[in-house]
Amino acid sequence: MSRKQHFILGTAGHIDHGKSSLVRALTGTNPDRLPEEQRRGVTIELGFAHLTLPNPAEEGELLEIGIVDVPGHADFVNNMVAGVGGMDVALFVVAADDGWMPQSEEHLHILTFLGVERAVVALTKSDLAEDLEFSLEFVKDGLSGTILENAPVVPVSSTTGDGIDILREALGAQFATAPSPPDFGKPVLPVDRAFSVKGIGTVVTGSLSGGSLDVGDQLTLQPSGFTTHVRAIQNHSAAVERAEPGMRTALSVPDLPVGSRERPGVRRGTLLTGTEAPPPHDSINIQVTRLERPIPGQLGTKRDLPTGRRVRVHHGSGIIGARIFLITQKSLSPGEVTLAQLRLDEPQAMMVGDRLVLRDWSGEATLGGGVILEAAASRKKIGSEEQIRFLRTRVSGLGDLSILLESVIERDRLVDLTHE
């Protein structure tokens, strides 16, 4: 039996640049599920597909890749952010006959804020380009100085099939060098779909991270605190007894009602976690980053962000309102990085190291991104010397558990670290 590794691939790019057509050419699956999407030829909701590739670095090993196809239209950026949070590799799409466009830039900002490190750029509609070499150089210029600067750029045509096999090889090479999704024993499933099936009950889907899940496990719905058990698990429509981090996962959770704005329950934006997960909190401390490159048509990306401003916080598959308070300065200019506290409208379950995207309150501009340094923060003395030192220590050691623990001990003076 072949060994398998599981990963998530997310698409990104401007509307009508051929993301869904490319997914269909790669997998044979049309990710546009809604009749309106198929009628209009525009992705509105998240779409999903599955791709199996041989691992070029390990003979006999297969790469099982769950694909999340996101909308490119400016009106559906909220849906886009909900789909790309758990990706291991990005498939960034730019049309050869259209070039770099506003949502190309905005999606690049979002991938940057989410910490995406591996990507392949597909130069789609290559059969329609008047001068393919010029289009290729134009796109590479647009990527200069960004996280995608060194990403392979592959000209493809979903219509003729040209370049599709080369694209598969480029994707396989990226996944072959990607670390396996970590397993901390703390499963987290940001819910991107929740629905009821007659005779089965509530079913949810999402991209699993943080830990594995077994049939029969107990879970907690965040932030409501409802509890449930896992009756059954599917991965790419096949029943499995265990879901591993990096899997696209469907869970049968019959104890949970499907929620809405008026009715509590499971819906997109909620989290399913293990029962030992920390409780939700309404204040978090973050390092916030803004990019110097503006997004065309978004004036907010050119202006300073003042302390106290209302923002929309995108975390996992959800959105929550908040007010941002800068800790060491009064405003944040494009290109700057600083410490900040987010005071959320409602308590949310978040973890140190989680990535966030910040958009303005009107929902018209993507302003910045953050990484959580403290998931249960106090609103008192946020600008104290001890607190600033604590947060700066955490910035330098987010991937080091010993540094994270030491920062708490030093700030709260549990032991004297200077004593020999």
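A word on the model: it is predicted, so local features need pLDDT of at least 70, side-chain atom pairs count only at pLDDT 80 or more, and totals for chains, interfaces and linings use all residues. Residues are numbered from 1 along each chain as its sequence is written, and side-chain values use heavy atoms, with hydrogens and water left out.

Let's start with the whole chain. Its C-alpha trace spans about 65 × 50 × 50 Å along the principal axes. The radius of gyration is 22 Å, in agreement with the value near 22 Å for a compact globule of 420 residues; that is taken over C-alpha atoms, and the globule rule is 2.2 Å times the number of residues to the power 0.38. The secondary structure comes to eight helices and 24 strands, which are DSSP runs numbered from the N terminus (helices H or I, at least four residues; strands E, at least two).

Now the barrel. Six strands close up in the order 17-22-20-19-23-24, with antiparallel pairing; two strands pair if DSSP finds at least two bridges between them. From one strand to the next, the twist averages 45°. Helix 7 packs on this sheet, touching strand 17, strand 22 and strand 24 (366-374), and its direction makes about 100° with that of strand 24. Contact here means heavy atoms within 4.5 Å, and axes are lines fitted to C-alpha atoms, for helices over the stretch in contact, with angles from 0 to 180 degrees between N-to-C directions. Strand 17 (residues 281-289) and strand 22 (residues 337-348) are joined by eight bridges, and T289 has V337 in strand 22 as its bridge partner.

The whole-structure search finds one cavity of 30 Å³ or more, and the largest cavity holds about 40 Å³ of space. On a 1 Å grid over the protein atoms alone, a cavity is a set of points where a 1.4 Å probe fits but cannot get out, and lining residues have an atom within 4 Å of a point; points are joined across faces, edges and corners, and the volume is the space filled by probe spheres set on them.

Who lines the largest cavity? The residues are E386, R389, F390, T393, S407, E410 and R411. Helix 7 (385-396) and helix 8 (401-412) each give two or more, with helix 7 giving the most, four residues.

Definitions and conventions:
1 Å grid on protein atoms, 1.4 Å probe; cavity = no way out; pocket = protein on both sides within 12 Å on 5 of 7 lines; lining within 4 Å.
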